[in-house]
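Here is a short briefing on a protein model.

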Amino acid sequence: MSTRDQILEIAYRAFAEKGYNHTSMGAIAEELGITRPALYYHFSSKEDLLLATYEMIDPLINVSADEALGCTEPAEFKQAFAALIASITSNLRNDEQRARFVATVESTSGQIPAITESAQAQYDETCAIFATALEHGKAIGAVSADMDIDVAKQYLGIFIYGIGDIMLRGCKINMKATRDMALKAIFG
């Protein structure tokens with residue numbers, strides 16, 4: 001594991017346990033066994049470290065619509081699109097540490113505009129992935145020609161981030177049934 005990844009792992013835990021204001025760059029450097037200048041080599045500020053840590057838990061990590069975009073048959077596309085939804089939702093976790101970390105991020109978003117900007121960018125990227133895939137699905141006849149892609153991508157973005165929020169509150173979700181319902185809404 002790289003030094004940067006180790007820093008992110010320690011920061012994730014520290015921000016979740018202590019919050020933003022009570023986490024210090026010095027303590028992170030000390031726990032890792034590096035100097036503060038070495039830590040600042042990787043992250044120029046605590047704000048940058050929090051932002052990088054937040055981006056690390058983005059549900060789009062390692063997600064691509066390439067498989068769906070390579071489909072030429074409607075049935076194949078529907079299967080690939082279902083796999084895309086499953087790959088995104090599988091990145092959502094409902095563990096207590098993640099819930100505390102996200103609470104820290106939410107509580108600091110007012111003082112760190114980059115957090116809000118990053119959240120918007122994540123949502124926009126999610127919608128763009130869905131729009132691209134759905135446009136392809138429409139082109140090959142897998143998606144209704146009448147579908148409003150803009151509304152559908154927003155629906156799916158809200159679906160993904162809504163599941164994440166609900167899970168963070170400790171609620172149990174039947175993920176398969178929920179995904180199946182979303183796919184039914186898209187494909188009929």
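This is a predicted model. In its largest nonpolar core, which has 32 residues, Phe 77, Phe 81, Leu 84, Phe 130 and Leu 134 touch the most other members. Two or more residues of this core come from each of H6, H8, helix H9 (149-168) and helix H10 (175-187). H9 gives the largest share, 7 residues.

- Another core lies apart from the largest one and holds 27 residues.
- Among its members are Phe 15, Leu 32, Leu 49 and Ile 57.

**The H6-H8 pair**

- Helix H6 spans residues 74-89, and helix H8 spans residues 113-139.
- Their axes are 11 Å apart and meet at an angle of about 170°.
- H6 is therefore roughly antiparallel to H8, since angles over 145 degrees count as such.
- From H6, the contact takes in Phe 77, Phe 81, Leu 84, Ile 85 and Ile 88.
- From H8, it takes in Ile 129, Phe 130, Ala 133, Leu 134, His 136 and Gly 137.
- By type, the residues of this contact are 9 nonpolar and 2 polar, with no charged residue.

**Leu 84 up close**

- Leu 84 is one of the residues that touch the most other members of the largest core.
- Leaving aside residues up to four places away in sequence, Leu 84 touches Val 63, Ser 64, Ala 65, Ile 129, Phe 130 and Ala 133.
- Of these partners, Ile 129, Phe 130 and Ala 133 belong to the H8 side of the helix contact.

**Ala 82, also in H6**

- Ala 82 is found in helix H6.
- Its relative accessibility is 23%, so Ala 82 counts as partly exposed; the buried class ends under 20%.
- Ala 82 and Ala 68 are 14 residues apart along the chain, and their C-alpha atoms are separated by 9.1 Å.

**Helix H2 and its cover**

- Helix H2 runs over residues 25-32.
- Its buried residues are Met 25, Gly 26, Ile 28, Ala 29 and Leu 32.
- Seen down the axis of H2, these buried residues fall within an arc of 165°, so they line one face of the helix.
- The cover over the buried residues of H2 includes helix H1 (3-18), helix H3 (36-42) and helix H4 (46-56).

Terms used:
Residues numbered from 1 in each chain as written. Predicted model: local features only at pLDDT ≥ 70, side-chain atom pairs only at ≥ 80, totals over all residues. Heavy atoms only, no water. Axes fitted to C-alpha atoms, helices over the stretch in contact; angles between N-to-C directions. Helix = DSSP H or I, 4+ residues; strand = E, 2+ residues; numbered from the N terminus. Parallel < 35°, antiparallel > 145°, perpendicular 65-115°, else oblique. Contact = heavy atoms within 4.5 Å. Nonpolar A, V, L, I, M, F, W, Y, C, P; charged D, E, K, R; others polar. Buried < 20%, exposed > 50% of the residue type's maximum accessible area, 1.4 Å probe, protein only. Arc of directions from axis to C-beta. Core = buried A, V, L, I, M, F, W, Y, C linked by side-chain atoms within 4.5 Å.
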